[in-house]
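Colleague: I am new to this model. Please take me through its metal site and its cavities.

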Amino acid sequence: MFHLAQSLYTQWTLREEYSVLILGLDNAGKTTLLEQIKRHYNPTAKQIPLERITPTIGQNVHTITVGSTLLKFWDLGGQTELRELWGEYFTYCHGVVFVVDSSDKDRIEEVSRELIKVIDSSESYDGLDTSIPILMLANKQDLKDKLEVEDIKEIFNKLAEKLNARDSKVLPVICKTGEGVSEAVEWLQLRLVRNKANKPPRYK
Ligand SMILES: Nc1nc2c(ncn2[C@@H]2O[C@H](COP(=O)(O)OP(=O)(O)OP(=O)(O)O)[C@@H](O)[C@H]2O)c(=O)[nH]1
Ligand SMILES: [Mg+2]
């Protein structure tokens, strides 16, 4: 009887956990995004002062609670030689956030190339589920000489065919101040839960 009660209690208290990869070129603002997510959803967690963030070599991981679900964010390094490692995380992820530095016009072609690789898993990686949501964040919208969200959407139009099959969106953010970060997390949470029949969460 005790064991039955215990197992029922465990069932009731288990929460859905979804893993989300934060990808993008080096200097896009991925780690800054993760720090802002922490500040917004888990203010008691250990924080890194934003001005002390250095380029990511390994990974930064943080889990937040949104409603009744857990979102586990994986912030990976974006330097060229580290991008080859992204594919190793694809099998287990439920969603992708692709961060773009809107002020880095010179590298926007490079952004497109990397995003195509991520979307079109067959090209260079294995295992990215075709159903999972992809959110593109047009970061650094505070800078004067930047691409507008509409420009970024247009740039990504050529990927539309591949993206159309999925839930995808481009949202403006200023990770430095946290503007737009909660909207991004809410968009993701909704889509991850909606997609759970295709990509089931882990239960924790
Ligand atoms: N102006 C401005 N700067 C930003 C913003 N977000 C991030 N930055 C700056 O961009 C630089 C790179 O930020 P990171 O968060 O380290 O970038 P990253 O994508 O994690 O870089 P890697 O770890 O090398 O892949 C830092 O100097 C940040 O302060 C923003 O919204 N506006
Ligand atoms: Mg980083």
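Modeller: Buried means under 20% relative accessible area, exposed over 50%, partly exposed in between (1.4 Å probe, protein chains only). This is a predicted model, where local features need pLDDT of at least 70, side-chain atom pairs count only at pLDDT 80 or more, and totals for chains, interfaces and linings use all residues. Residues are numbered from 1 along each chain as its sequence is written.

Colleague: Is Thr 31 buried or exposed?

Modeller: The relative accessible area of Thr 31 is 10%. The cut-off for buried is under 20%, so Thr 31 is buried.

Colleague: Which residues coordinate the magnesium ion (ligand 2)?

Modeller: Donors are N, O and S atoms within 2.8 Å of the metal (3.2 Å for Na, K and Ca); water is not among the atoms, so sites may look incomplete. At 2.0 to 2.1 Å, the magnesium ion is coordinated by OG1 atoms, those of Thr 31 and Thr 56.

Colleague: How many residues apart in sequence are the parts that this pair ties together?

Modeller: Helices (H or I, at least four residues) and strands (E, at least two) are DSSP runs, numbered from the N terminus. Thr 31 lies in helix H2 (residues 30-41), and Thr 56 in the loop between H2 and strand E2 (59-66), so the parts tied together are 25 residues apart.

Colleague: Which element gives the largest share of the lining of the second largest cavity?

Modeller: H2, strand E5 (134-139) and helix H8 (181-194) each supply at least two residues of that lining. The largest share is four residues, and the element that gives it is H8.

Terms used: Chains are lettered from A and ligands numbered from 1 in the order in which they are written. Side-chain values use heavy atoms; hydrogens and water are left out.
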